[in-house]
2 protein chains.
Amino acid sequence: MTMDDGEFRRLRRQELGTDRVSGASPLARMALDSLAEYAGVCTADEPGTLRKELLSFAEELQYTRPSMAPVFNLVQRWMDLIDALPASDAAALRRSAAQAADTLANESIEAVKGAAAKAAKRIGADQLVITHSLSSTVQATFEALASAGVRAIVTESRPGFEGRNQARHLDQLGIPVTFITDAQLGHFVAEADLALVGADTVLADGAVVNKAGTYLLALAARDRGVPLLVCCESFKHAPFRAKEFDLEEMDVREVDAPKGKRITARNVYFDITPARLIDAWVTEKSIKEKEKQKTNTDKHR
Amino acid sequence: MTMDDGEFRRLRRQELGTDRVSGASPLARMALDSLAEYAGVCTADEPGTLRKELLSFAEELQYTRPSMAPVFNLVQRWMDLIDALPASDAAALRRSAAQAADTLANESIEAVKGAAAKAAKRIGADQLVITHSLSSTVQATFEALASAGVRAIVTESRPGFEGRNQARHLDQLGIPVTFITDAQLGHFVAEADLALVGADTVLADGAVVNKAGTYLLALAARDRGVPLLVCCESFKHAPFRAKEFDLEEMDVREVDAPKGKRITARNVYFDITPARLIDAWVTEKSIKEKEKQKTNTDKHR
């Protein structure tokens, strides 16, 4: 690896690692774009070395956003494709690698659209939907429901305030938005017909990793009898369980803590919502409804 | 009532109504201070008229912060005292009215100290305590525990960020503070030994009105098996039930919502935590522990 290659990879990892605005799916596509670009600029000439370099950069990208399964999953799919290519011609390898990245990025876009279409159908017309944080799949779901009388309650989503973008986007779609602080989730969830969130990762047991605060929304929704839908493309599924999962912590300066010798700011960006608080999981492939609790009926038999 | 009197009363109501920094007890004492001052400056000369003016101003103050019971309760106590005074000498009435306000304010201060001492004893040494928002009683409890190895997790408390003051104060007391956004409550509550909040009002059934987000902390604490203590002086008890209670909404500009034709910001400052989520209520008079649930034991009999 030359110095130029190293610098390219460092910059692309940094770009991916520090982006606070994009959700997990756009970030996964950003990783694929970097791989396509690297296939063009990587200085290795010998086909075997070129493939090795591409795969090693891919592996670096995979672990840059550990809370976001699609980054790992889509890059893994790309690696599997590259691994299977013949390494006889460097120019052909470059072309195929770039093309594979494009194809996977398009698959991801189509999956987001598919998941949103299924979620919109499941939600139906004239609903008041409460959501937290920013998710491209949730945005696409609102787009699909914009002409069906949907209304939204949107949180600001500290520390990045990405709820502000969500609110602006929904406003432009003609959707009435009630905009609240994260702390008001408990009060406002009772007004909603339904809670809808995206996911950065769906764990093996159905637990959902998403922006910090999602677990609080889920608890309040359950307490007030409001169903919670999680909507994301299937690339977000990961084989881990909650205990094995590494929740990313971001730059603590975002939290704006007061200065003090004994004050330590924390900025754990995600939390884990256990499957028992989720009523339905929607992907481009299926809608999985929560299994009905049998205990209550059993009791009365 | 002269124009001067009216202007004095308007300014004092405004001061009380727009204060976002002080908790309910300091605000109640602010109301009492205003009454003591008004007893000195009120232009009415005739003792009966003077008393009527004082009582009418008191009633205005009572309804200026409807979510904060001590404002109502302490001013009511003052009104009862003034009502019982002989109205033969205006100068004597002015003196007695001012003195009554001072006495009640001191009672309130002593009650806060007493409640904090009881809470500190209940909590004990070397505990990690998670708290939300700013409360003078919670501050006094931490003061009492500062030399007993207490550590704190403090939320920033949007929109007013009063958690920043709380964190600074605890840091000055030598208490280690972990400072988080409100949305991280769910993730961090599991690390705490105990959750501790003050109250703006305790309702008739034990439900607690406090800064928005308290209900979310209570839900997360229950879900993670962390006990929740509510600590406040007994002046905060109110005879209302949750459904009759008016939750104050503050200036929506504090929420900093994006501009948009269809975007409506909301700033409901308080939420209601139902009694079933609270494990103990501490006042200067008593510690009331949650009644043990009998259903589980009954089931196995």
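Mentor: Two strands pair if DSSP finds at least two bridges between them; strands (E, at least two residues) and helices (H or I, at least four) are DSSP runs numbered from the N terminus. This is a predicted model, in which local features need pLDDT of at least 70 and side-chain atom pairs count only at pLDDT 80 or more, while totals for chains, interfaces and linings use all residues. Residues are numbered from 1 along each chain as its sequence is written, chains are lettered from A and ligands numbered from 1 in the order written, and side-chain values use heavy atoms, without hydrogens and water.

Trainee: Which are the edge strands of the eight-stranded open sheet?

Mentor: The sheet has mixed pairing and the order β8(A)-β3(B)-β2(B)-β1(B)-β4(B)-β7(B)-β10(B)-β11(B). An edge strand pairs on one side only, which applies to β8 (263–265) of chain A and β11 (287–289) of chain B.

Trainee: At what angle to β7(B) does helix α5 of chain B run?

Mentor: Helix α5 (residues 90–123) lies across β1 (128–131), β4 (194–197), β7, β10 and β11 of chain B, where contact means heavy atoms within 4.5 Å. With axes fitted to C-alpha atoms (for helices over the stretch in contact) and angles from 0 to 180 degrees between N-to-C directions, α5 runs relative to β7(B) at about 160°.

Trainee: What kind of axis relates the two copies?

Mentor: By least squares on C-alpha atoms of residues with pLDDT of at least 70 in both copies, chain B can be laid on chain A with an RMSD of 0.0 Å, by a turn of 180° and a shift of 0.0 Å along the axis. The copies are therefore related as by a two-fold rotation axis.

Trainee: How much area is buried between chain B and chain A?

Mentor: Each chain brings 48 residues to the contact. Carbon and sulfur atoms give 58% of the buried area, that is, the accessible area (1.4 Å probe) lost on putting the two parts together, summed over both. The total is about 3,900 Å².

Trainee: How many salt bridges are counted between the chains?

Mentor: A salt bridge needs a side-chain nitrogen of Lys or Arg within 4 Å of a carboxyl oxygen of Asp or Glu. B:Asp256 and A:Arg164 meet in this way, at 4.0 Å from N to O. Between chain B and chain A, the number of salt bridges is eight.
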